[in-house]
Amino acid sequence: MSQNKRFRPVAAPIARPFLKWAGGKTQLLDEFTRRVPEDLREGNLPVFVEPFVGGGAVYFHLNSLFDLRECHLFDVNEELVLAYNVVKNDVSGLIDYLDEVSGEFLAKSASGREEYYYAMRELFNSWKGAIDYDRYSRDWIERAGQLIFLNRTCFNGLYRVNSRGEFNVPFGRYRNPRILYEDLLRADSAVLGNTTIHLGDFMLSEPWISEDTFVYFDPPYRPLNQTSSFTQYAKGGFTDEDQKRLAEFYAQCDAAGARLMLSNSDPRNIDPGDDFFDILYAGYQIDRVPAKRMINCDGAKRGEIYEIIVTNY
């Protein structure tokens, strides 16, 4: 590696996702890092945009590793956007809330913990209509704390909603789940200092995309089969038509001069003749990389599959 690479002077990034999130990219960070554009390494792409932030593994990694002037994160999940804003703006208040909730929860018996979990889930769902997701308030701190608590104690760390937009994941029955990660939250809060978090569709990121921008797209993955869909992070899901709309937006960003990277499932895992993404991203670089299926109720089925990485450079 040449000496002109503008990395931040740290041995390894400390910041990492504060939520468990289906489809998280922690295991593929090395694959992404070795594929980032040379201009990013040299400090010539000062703006980072992620139109589907999710758990933020790639964002936290790159914003810790490289010298970025500003970052813009987008997601349609209002609870997720709220939580990111609280970690950025009120991390101490969030830590205090989680410390209190953690103490109450862990002091209970096994049956008492389950009862506590379902009471918190009911409170979280019933309170939704009272939250103004467009205007920051002190209520956001408790709301973010509820989300983190549920995420750390629910089954498999999933975020899933029903047709009414209600969180419906059952209790996880962990023996002693850790709910508060104070050092992690403070590290994430520091990294978020140069970042604006936006609520909305990926196309709303367009004003921040230019020749000075590196964009990483991590949309809800196209399901490999009818039982492998985990796109219900928000009411409505993400369909093949949405995937096509995204490919059109990818081409629009390419025309604007931005450097682009996109990841998705590889349909050839199931059907070697399925060229859905090969057609959508014809003309761009498509790499197939090994990954492990991290979310499956059957541990024996969490084996190695391939995912795709699409770049325009």
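Reader: In this predicted model, do Phe-32 and Tyr-216 count as buried or exposed?
Author: The cut-off that settles the matter is a relative accessible area under 20% for a buried residue and over 50% for an exposed one. Judged in this way, both Phe-32 and Tyr-216 are buried.

Reader: How many aromatic pairs does the chain hold, and what kind of pair do the rings of Phe-32 and Tyr-216 make?
Author: When rings are paired by centres within 6.5 Å, the count comes to 27 aromatic pairs. Phe-32 and Tyr-216 have ring centres 5.2 Å apart and planes at 55°. Planes under 30 degrees apart would count as stacked and those over 60 as edge-to-face, so the Phe-32 and Tyr-216 pair is tilted.

Reader: What kind of aromatic pair do Phe-124 and Phe-167 form, and where in the chain does Phe-167 lie?
Author: The two rings are 6.2 Å apart from centre to centre, with 80° between their planes, and the pair is edge-to-face. Phe-124, at 2% relative accessibility, counts as buried, and Phe-167 is buried as well, with a relative accessible area of 3%. The partners are 43 residues apart, with Phe-124 in helix H6 (residues 110-126) and Phe-167 in the loop between H7 and H8.

Reader: Which residues are linked by ring pairs into a cluster?
Author: Ring pairs can join several aromatic residues into one group, and the chain shows such a cluster. Its members are Phe-52, Phe-202, Phe-217, Phe-238, Phe-249, Tyr-250, Phe-276, Phe-277, Tyr-281 and Tyr-284.

Reader: What is the order of the strands in the open sheet, and which strands stand at its edges?
Author: The open sheet has 7 strands with mixed pairing, in the order E3-E2-E1-E4-E5-E7-E6. From one strand to the next the twist averages 20°. Each edge strand has a single partner strand, so one side of it is left without a neighbour in the sheet, and the strands in this position are E3 and E6 (285-292).

Reader: How many bridges join E2 to strand E1, and how many join E2 to strand E3?
Author: Strand E1 (residues 47-50) runs parallel to E2, and Glu-50 stands opposite Leu-73 in E2. On the E3 side the pairing is parallel too, with Cys-71 opposite Thr-195 in E3. The bridges number 4 between E1 and E2, and between E2 and strand E3 (residues 195-199) they number 5.

Reader: In which sense do strands E5 and E7 pair, and what angle does helix H4 make with E3?
Author: Strand E5 (residues 259-265) and strand E7 (residues 304-311) share 5 bridges in the antiparallel sense, and Leu-262 stands opposite Val-310 in E7. Helix H4 (residues 78-89) packs on the sheet, where it touches E2 and E3, and its direction makes with that of E3 an angle of about 155°.

Reader: What is the phi of Asn-156, and what is that of Arg-173?
Author: Most residues other than glycine have a negative phi. Phi is positive in both residues, with a value of about 65° for Asn-156 and near 60° for Arg-173.

Reader: How many disulfides does the structure hold?
Author: Cys-71 counts as buried at 1% relative accessibility, and Cys-154 counts as buried at 0%. A disulfide requires two cysteine sulfur atoms within 2.5 Å, and the number found in the structure is 0.

Key:
Residues are numbered from 1 along each chain as its sequence is written. This is a predicted model: local features need pLDDT of at least 70, side-chain atom pairs count only at pLDDT 80 or more; totals for chains, interfaces and linings use all residues. Side-chain values use heavy atoms; hydrogens and water are left out. Buried means under 20% relative accessible area, exposed over 50%, partly exposed in between (1.4 Å probe, protein chains only). Two strands pair if DSSP finds at least two bridges between them. Helices (H or I, at least four residues) and strands (E, at least two) are DSSP runs, numbered from the N terminus. Axes are lines fitted to C-alpha atoms, for helices over the stretch in contact, and angles run from 0 to 180 degrees between N-to-C directions. Contact means heavy atoms within 4.5 Å. Rings of Phe, Tyr and Trp (its six-membered ring) pair if their centres lie within 6.5 Å; planes under 30 degrees apart count as stacked, over 60 as edge-to-face and the rest as tilted.
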